Amino acid sequence: MAAEAKYELLRELGRGNFGVVYEAVVRRTGARRAVKRLHCGSPESAELALQEFRALKSLAGRHGNVVALHEAVLQRDGEASSLQCGHSEAYLNLVETALKGERIFDPGRAYYLWLVMEFCSGGDMNRYLLSRRPDPALNVNFALQLSNAVAFLHLNNVVHRDLKPGNVLVCESAGTPVLKVADFGLSKVCNVGSHGQATSSTTGKAWLSQACGTAFYMAPEVWEGHFTAKADIFALGIIVWAMLERITFVDGESNRQQLGSYVQHAGQLVPVGQALLENPRMELRIPRNRRSHIDTSVVQLIRKMLSVNPQERPSACDLIECFQQRVACAN
Ligand SMILES: Nc1ncnc2c1ncn2[C@@H]1O[C@H](COP(=O)(O)OP(=O)(O)O)[C@@H](O)[C@H]1O
Ligand SMILES: [Mg+2]
């Protein structure tokens, strides 16, 4: 059964280089879903799709702050098979294509991977926060939720590599909205320990060599093409700083306002990581605005998160401790 037959696609929610995300409904039950359709036409796109599928499959459903994956469907022309029911020939075609770096299937055939996820009605963090008045208590709560998510990823040896507000979704619930880290397209699952158990230290030691991510959230070392899990902590530092002071810029591609801190140089907005790479001794002005009331312990923490030396950045577990205290003070 084709993915379209099981799910009715209602509207487009977002579009990236390799895929489109739709709001969908399960025809049989009426349940809402978000469905990401990834085109797997080239070895590069097949690799990215498989990367996202593997990360989501290994993580999803195990942490409240990571988007849940309900099903993955591989579509080859009109045929579709669920990847939860073992590995089909179509799946093996895709793996071989990614591994060999050349298309091993008929170029005339269309290959798509559909990731069926929980639907987050609040949209992404940019849309959610920027359409509301600043709420300091909610901001620290979001910082804590993000730290919990990242601690979970790192304990499971996953480096996200593209943390930014557009990749964090909001589920509106009766109480505080719940954040869900999503878009694992650039994520890397690192080596797992000898007992099959992932440890944060292996993630910390695994140096990944590939410049990727979105410029404004990229740590200095990422600009040079290598980084560890600590690059996620840097990205989180940019997000938290921007969230607390509501610092935004307009993204050239989407023309939309995004939460993200930056440095101003000769009238230009320069990504913090890039500015630090050029001048590692640069002092960051945190808070940017003297009227922003940010607790000194949080200012210090953000500074540490944005350290040039990745080893000086705190772990996600350290962040949890600090933000937990701030949440307790805000209540
Ligand atoms: N589960 C979801 N629920 C609601 N909106 C979603 C969901 N997943 C993605 N979106 C929307 O689609 C956009 C793009 O999704 P994302 O997974 O980041 O894809 P891309 O790889 O194209 O960046 C997000 O910024 C968000 O607005
Ligand atoms: Mg994205």
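This report describes helix packing, a ligand shell and several individual residues in a predicted model.

The model is predicted, and local features need pLDDT of at least 70, side-chain atom pairs count only at pLDDT 80 or more, while totals for chains, interfaces and linings use all residues. Residues are numbered from 1 along each chain as its sequence is written, and chains are lettered from A and ligands numbered from 1 in the order in which they are written.

## Helix packing

Helices (H or I, at least four residues) and strands (E, at least two) are DSSP runs, numbered from the N terminus. Axes are lines fitted to C-alpha atoms, for helices over the stretch in contact, and angles run from 0 to 180 degrees between N-to-C directions.

| Helix pair | Crossing angle | Axis separation |
|---|---|---|
| Helix 5 and helix 11 | about 155 degrees | 8 Å |
| Helix 10 and helix 11 | roughly 160 degrees | within 11 Å |
| Helix 5 and helix 8 | roughly 170 degrees | within 10 Å |

Helix 5 covers residues 136-155 and helix 11 covers residues 316-330. Their angle makes helix 5 roughly antiparallel to helix 11. Angles under 35 degrees count as roughly parallel, over 145 as roughly antiparallel, 65 to 115 as roughly perpendicular and the rest as oblique. The crossing of helix 5 and helix 11 is left-handed; a crossing is left-handed if the near helix is turned anticlockwise from the far one by less than a right angle, and right-handed if clockwise. Residues are in contact if their C-beta atoms, placed from the backbone, lie within 7 Å. On the helix 5 side, the contact with helix 11 includes Pro 136, Val 140, Leu 144, Ser 147 and His 154. Their partners in helix 11 include Ala 316, Leu 319, Phe 323, Arg 326 and Ala 330. By residue class, the contact of helix 5 with helix 11 holds 14 nonpolar, 5 polar and 1 charged. In this classification Ala, Val, Leu, Ile, Met, Phe, Trp, Tyr, Cys and Pro count as nonpolar, Asp, Glu, Lys and Arg as charged, and the others, Gly among them, as polar.

Helix 11 also packs with helix 10, and the angle of that pair makes helix 10 roughly antiparallel to helix 11. The crossing of helix 10 and helix 11 is left-handed. Ser 297, Val 298 and Leu 301 of helix 10 meet Leu 319, Cys 322 and Arg 326 of helix 11. These residues divide into 4 nonpolar, 1 polar and 1 charged.

Helix 5 and helix 8 are likewise roughly antiparallel to each other. Asn 139, Phe 142, Ala 143, Leu 146 and Val 150 of helix 5 make the contact with Asp 232, Leu 236, Ile 239, Val 240, Met 243 and Leu 244 of helix 8. The contact of helix 5 with helix 8 comprises 9 nonpolar, 1 polar and 1 charged.

Val 240 lies in helix 8, which spans residues 230-245. Val 240 is buried, with 26 other C-beta atoms within 10 Å. A residue is buried if 20 or more other C-beta atoms lie within 10 Å of its own, exposed if 12 or fewer, and partly exposed in between, with C-beta atoms placed from the backbone. Not counting residues up to four places away in sequence, Val 240 touches Ala 143 and Ile 302. Val 240 and Lys 180 are 60 residues apart in sequence, with their C-alpha atoms 15 Å apart in space.

## Ligand shell

Ligand 1 is surrounded by 20 residues, and the closest are Gly 14, Gly 16, Ala 34, Cys 120 and Asp 183. A residue is near a molecule or strand if its C-beta atom, placed from the backbone, lies within 6 Å of it. Strand 1 (7-15), strand 2 (19-26), strand 3 (32-39) and strand 6 (111-118) are the elements that give two or more residues to this shell. The shell around ligand 1 divides into 9 nonpolar, 7 polar and 4 charged residues.

## Loop residues

The peptide bond from Ile 286 to Pro 287 is cis, with omega near -5 degrees. Pro 287 lies in the loop between helix 9 (272-278) and helix 10 (296-305).

Arg 161 has phi near 70 degrees, a positive value in a residue other than glycine. Arg 161 sits in the loop between strand 7 (158-159) and strand 8 (168-171), and is buried, with 24 other C-beta atoms within 10 Å. Ala 266, also a residue other than glycine, has a positive phi near 50 degrees. Ala 266 belongs to the loop between strand 15 (262-265) and strand 16 (268-271) and is exposed, with 5 other C-beta atoms within 10 Å.

Gly 41 is found in the loop between strand 3 and helix 2 (43-59). Gly 41 counts as partly exposed, with 17 C-beta neighbours inside 10 Å. The C-alpha atoms of Gly 41 and Phe 105 are separated by 9.3 Å, although these residues are 64 residues apart along the chain.

Technical notes: Two residues are in contact if their C-beta atoms, placed from the backbone, lie within 7 Å.
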